[in-house]
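Grab a pencil and work through these exercises with the model open beside you. Try each task before you read its solution.

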Amino acid sequence: MIKIALAGNPNCGKTMLFNTLTGSNQYVGNWAGVTVEAKEGRLRDEQDVIIADLPGIYSLSPYTPEEVVARNYLINEEPDVILNIIDGTNLERNLYLTTQLCEIGIPVVMAINMIDIVKRNGDIINLDEISEHFGCVCFEISALKGTGVKKCAKKAVELARTNKGVPPIHHSFDDRVESALHFISAMLPDGTDMLHKRYFATKIFERDSLVSADFPDCESIIRDVEKYYDDDSESIIADQRYKYITSCIDECRTKSGKIPISDRIDSFVTNKYLSLPIFVLIMFGVYYISVSVFGGFADYISDNLFGESGLKLIAAQFLSSINCAGWLISLITDGIIAGVGSVLSFVPQIVVLFIFLSFLEDCGYMSRIAFIMDRLFRKFGLSGKSFIPILVGTGCGVPGIMSSRTIENVNERRMTIITTTFIPCGAKLPVISLIASGLFSKAWWVAPCAYFIGIASIISSGIILKKTRLFSGDTSPFVMELPNYHMPTIRSVARATWDRSLGYVKKAGTIILLASCAVWFLSDFGFYNGRFGMVSRMDNSILAYLGNIAEVIFVPLGFGTWQAAVATLLGLVAKEEIVGVFGVLYGSIGEGFTALSGFSFLIFNLLCAPCVAAMGAIRKEMNSFKWTAFAIGYQCCFAYFVSFCIYRIGLLFAGGRLTPSTVIAFSALAFFAFMLLRKAPKNSRLPEKETVNAA
């Protein structure tokens with residue numbers, strides 16, 4: 001088998017190239033020690049060629065889990081060829097990684113991506129000059145349009161089969177540094193691969209934490225060089241790499257002098273004063289169109305396809321005609337069709353939401369949002385990196401929680417994990433739509449309001465938690481490469497939408513199906529007159545008995561019925577199941593709620609602990625039962641506080657009387673304001689350290 005590793009900076013188009021090269025032949029790789037998602041795939045029409053999509057990285061230094069994973073794969077797995085994807089609009093930053101890849105000793109094929117944008121800007125890149133400087137075959141490609149992709153991949157396979165072991169040219173540092181590297185190379189064990197000696201010598205010189213500890217004898221050599229340059233060894237290497245890159249680019253590229261269109265758009269979109277209003281308007285439009293405009297489709301599907309005149313009627317007539325038992329007819333019509341159907345009826349809205357999100361991600365706008373929100377989040381103890389998991393969480397909370405791995409600061413990572421699921425994910429959209437259509441006549445403000453309440457909850461939680469001794473400390477810096485704007489292809493948007501929507505439908509066909517069957521059984525069976533069996537009244541069912549025990553918890557929030565209690569508890573299995581429960585237990589949502597209690601119910605279920613899968617992800621990322629319990633406990637308490645204040649204060653403004661509950665709500669609100677505005681206490685604890693497992 002031939003192994004080709006795709007390596008490049010974040011947002012260089014690497015993943016798009018990987019999808020183009022592998023198509024549907026992708027699978028999750030099983031790499032030893034991997035702490036981030038590892039993708040592999042077989043090259044189209046080449047069953048003996050495996051392509052590994054390495055995490056996007058800026059260097060091979062062990063600063064982040066992604067960098068550790070990428071370098072361990074390159075060193076330990078020894079792929080036959082490295083396909084280095086380079087953003088042609090930002091050669092300086094991208095070639096820094098290239099200089100390190102060339103030192104490993106594995107053949108490299110360079111793919112200058114986004115060449116269509118380069119040409120549109122009027123710039124010229126001389127491929128022959130780049131090839132001569134780095135000793136690599138170089139191609140112009142556009143992963144978005146597919147230009148040059150096949151030719152580039154073909155050359156990589158050809159190089160792997162015919163020139164295996166021929167390393168690219170590594171550049172030379174200053175004489176004094178080269179002399180130090182020569183002495184360090186001589187100290188390496190005799191069994192060290194000659195192709196890797198240059199790489200290891202450089203890493204030892206940089207005092208790489210994963211390598212240098214084994215070679216203390218080299219310290220005197222490194223200190224002599226540092227004294228000569230009056231700088232630390234890592235900065236010396238970085239400075240000389242960039243000097244070399246600058247000299248290469250002066251010969252390899254001709255700039256047109258025009259201001260790129262992305263810069264012109266950014267002057268407006270990332271403007272200090274306009275950026276946040278623009279973001280609010282965009283997300284308002286996304287949720288308004290997804291929920292309000294397309295809400296009619298959900299109602300039509302629910303009433304006509306899965307309703308009394310649709311599949312339920314057809315299934316009941318067919319099953320009766322073949323003399324099926326009454327309980328089986330009830331299970332299929334009232335349990336499966338009503339429960340699963342109520343969830344599936346929201347597929348059009350889910351698809352529309354994912355189309356918008358995929359478009360915003362692909363065009364490059366979402367990267368700007370992380371940059372924009374860094375200004376805001378930094379004031380509240382979080383960095384822009386914390387907003388990236390939140391953006392991912394709009395699709396699903398599980399990958400959102402997992403993407404917090406990119407945050408190096410352990411306190412910020414924990415805060416991000418705790419607050420990420422406050423943002424409405426795709427599974428919560430049916431709940432929002434159900435409340436908006438059933439209690440607010442599809443009011444335009446309900447869905448955007450739910451989204452921005454999630455954002456406000458994240459910000460306020462960040463302020464409060466950062467002022468506690470558990471999370472206090474300096475906010476880590478945020479550096480991010482902003483990709484150029486481009487028009488996404490229909491194919492890329494359709495693929496992302498399909499993958500996300502398919503996950504929603506699969507959940508409806510598995511977890512929701514089982515949960516709906518369980519709800520049907522528990523709501524149709526119980527003890528009556530000392531006997532167990534099907535009951536004519538749902539109030540006598542097992543589910544009603546269990547719900548009556550739990551409903552007392554939610555009485556202060558305005559939805560103290562056993563049906564609402566059951567829906568909330570089963571929402572911990574899967575948020576979509578809240579809709580499924582309503583499909584089985586209620587004829588219409590208006591039977592058990594007022595507008596105010598329904599809104600309180602919505603907010604509680606949006607902010608409380610997420611589904612079981614997301615809680616499992618929290619447990620895995622926290623790697624601690626204590627911190628997992630704290631995260632889930634905080635989410636539930638925060639949700640209870642917000643819903644309680646909304647309902648109790650809302651009753652007062654709706655013409656109610658001042659009651660002890662209202663006084664408690666105002667007191668809780670005052671305490672919340674105090675926690676937001678108080679000064680952070682002095683932290684006497686030493687900052688917590690965390691070791692990256694580089695196994």
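**Exercise 1. Find the helix that holds Val 663, decide how exposed this residue is, and name the surface patch it belongs to.**

Step 1: Val 663 sits in helix α31, which covers residues 660–677. Helices here are DSSP runs of H or I with at least four residues, strands are E runs with at least two, and both are numbered from the N terminus.

Step 2: Its relative accessible area is 43%, so Val 663 is partly exposed. The cut-offs are under 20% for buried, over 50% for exposed and in between for partly exposed (1.4 Å probe, protein chains only).

Step 3: Helix α31 is the top contributor, with three residues. To count for a patch, a residue needs over 30% relative accessible area and no salt bridge; nonpolar side chains (Val, Leu, Ile, Met, Phe, Trp, Tyr) are joined within 5 Å, like charges within 9 Å. The areas come from the Shrake-Rupley method with a 1.4 Å probe, and for residues only the protein chains shown count as cover.

Before you go on, keep in mind that this is a predicted model: local features need pLDDT of at least 70 and side-chain atom pairs pLDDT 80 or more, while totals for chains, interfaces and linings use all residues. Residues are numbered from 1 along each chain as its sequence is written, and side-chain values use heavy atoms, with hydrogens and water left out.

**Exercise 2. Work out how α3 and α10 are arranged.**

Step 1: Two packed helices are described by the angle between their axes and the distance between the axes.

Step 2: Helix α3 (residues 91–104) and helix α10 (residues 233–252) have axes that come within 9 Å and cross at roughly 115°. Axes are lines fitted to C-alpha atoms, for helices over the stretch in contact, and angles run from 0 to 180 degrees between N-to-C directions.

Step 3: That makes α3 and α10 roughly perpendicular to each other. The classes are under 35 degrees for roughly parallel, over 145 for roughly antiparallel, 65 to 115 for roughly perpendicular, and oblique for the rest.

Step 4: Compare α22 (residues 446–466) and α30 (residues 625–653), which pack at about 120° with their axes 13 Å apart. This pair counts as oblique.

**Exercise 3. Which residue pairs with Arg 253 in a salt bridge, and what does the pair tie together?**

Step 1: Side chains of opposite charge can pair when their charged atoms come close. For a salt bridge, a side-chain nitrogen of Lys or Arg must be within 4 Å of a carboxyl oxygen of Asp or Glu.

Step 2: The partner of Arg 253 is Glu 92, at 2.9 Å from N to O. Arg 253 is in strand β9 (residues 253–254) and Glu 92 in helix α3, so the bridge ties together parts that are 161 residues apart in sequence.

Step 3: Arg 253 is buried at 15% relative accessible area, whereas Glu 92 is partly exposed at 31%.

Step 4: Searching the whole structure gives 19 salt bridges.

**Exercise 4. Is Asp 45 buried or exposed, and what about Met 114?**

Step 1: Asp 45 lies in the loop between β3 (39–42) and β4 (49–53). With 78% relative accessibility, Asp 45 is exposed.

Step 2: Met 114 lies in the loop between β6 (108–113) and α4 (115–120). At 10%, Met 114 is buried.

Step 3: Neither residue is glycine, yet phi is positive: near 65° for Asp 45 and near 60° for Met 114.
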